[in-house]
Amino acid sequence: MNDIIDEVIRQVAEAAPHISSGLKKRREYVGNENPSDEKQLEADIWANELLKQLVTSVKGVGEFASEEEEQVTDCGEGLSVAIDPLDGSSNIPTNNLVGTIVGIYDEELPCKGKNLVAAFYILYGPLTTLTVARDGEVDEYVIEEKPGDKIELHKASENIRMPKAKVYGFGGNKNWAQDFRDFESEISEEYKLRYGGAFVGDINQTLHHGGLFGYPHRTDAPEGKYRLLFECNPIAYIVEAAGGASTDTEKSILEVEADKLHQRSPFFAGDEKLIKKVEKEIDISSLDG
Ligand code: FBP
């Protein structure tokens, strides 16, 4: 199994410099919507096709699923790979952070996050980095492009442990429920706000500075925004492996039952004490009726 995980990571990491440099030519919306009814940029479709081709060619990958595709692609026997090819793609036109999120499950999709055996993300920022969680450890690498479509990985942080909480950020503020507004107001008195509008960028700050990041349920979207299999599970797996915690307001994200491929979930991850506070103070049933 380790060989398969290594190969999936290698394929995606090798494509990262190409994806990063290819974004500038693909910044227009194409008039399509993805299965979550979000507008697609040319870059979303292009990155999905590229990564699909690379990941499905790995021997030992049995299923491939993407936030950009309706159905799971069956490619044989083996592990299941779920990807968000370009997370935060609405940041592309304004030249802000974007990323790629990958979860590797040893179960057929859809399934719980508990079935993840590795997860990683690429962050296309001033540097292109790879952050990988496997075997209970999180490591970060800078990806350096070399001639001939080659890359070198330089370890930047080994065995990342989330430091004492310092920053926070929550998405969806136009439609928060009142109990969440009260919660945010209290949190804002103690912690510094950092919100960039790309899940990978925001969670990367949380991992390095410590704190809490979330995209809660909204009055107009009781399930929140993030997709469980493509976004919530891999990121929760990484944060938990770095000594943090995650919740959907009641239980660890990794314990949420997955009934549908594109299922959404309220999401919080970060400092363990702050996650307990979310679970104590936020009542998702406040949106019922
Ligand atoms: P996709 O771009 O993959 O659909 O991801 C959703 C996302 O862009 C996250 O990366 C980001 O955290 C969030 O939506 C931003 O939402 P909002 O526009 O409500 O702040």
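Domain bounds, as used on this tour, come from an automatic or database domain assignment, and a residue counts as near a molecule if one of its heavy atoms lies within 4 Å of it. The model is predicted, with local features needing pLDDT of at least 70 and side-chain atom pairs counting only at pLDDT 80 or more, while totals for chains, interfaces and linings use all residues. Residues are numbered from 1 along each chain as its sequence is written, and side-chain values use heavy atoms, with hydrogens and water left out.

Select the ligand and the shell around it: 16 residues surround the ligand, and the closest are E38, G88, Y195, Y215 and Y226. Colour by domain next, since the shell draws at least three residues from each of domain 1 (2-157) and domain 2 (167-288). Strand β5 (residues 79-87) gives the largest share of the shell, three residues, where strands are DSSP runs of E with at least two residues, numbered from the N terminus.

Now show the polar contacts, which are pairs of N or O atoms within 3.5 Å. A polar side-chain atom of Y226 is 2.5 Å from a ligand oxygen atom, an N or O atom in the side chain of E38 is 2.8 Å from an oxygen atom of the ligand, and S89 places a backbone N or O atom 3.2 Å from a ligand oxygen atom.

Finally select D135, in the loop between β8 (128-134) and β9 (137-146); D135 is not a glycine, yet has a positive phi of about 50°.

Technical notes:
Polar contact = N/O pair within 3.5 Å; in protein donor to acceptor, adjacent residues only side chain to side chain. Helix = DSSP H or I, 4+ residues; strand = E, 2+ residues; numbered from the N terminus.
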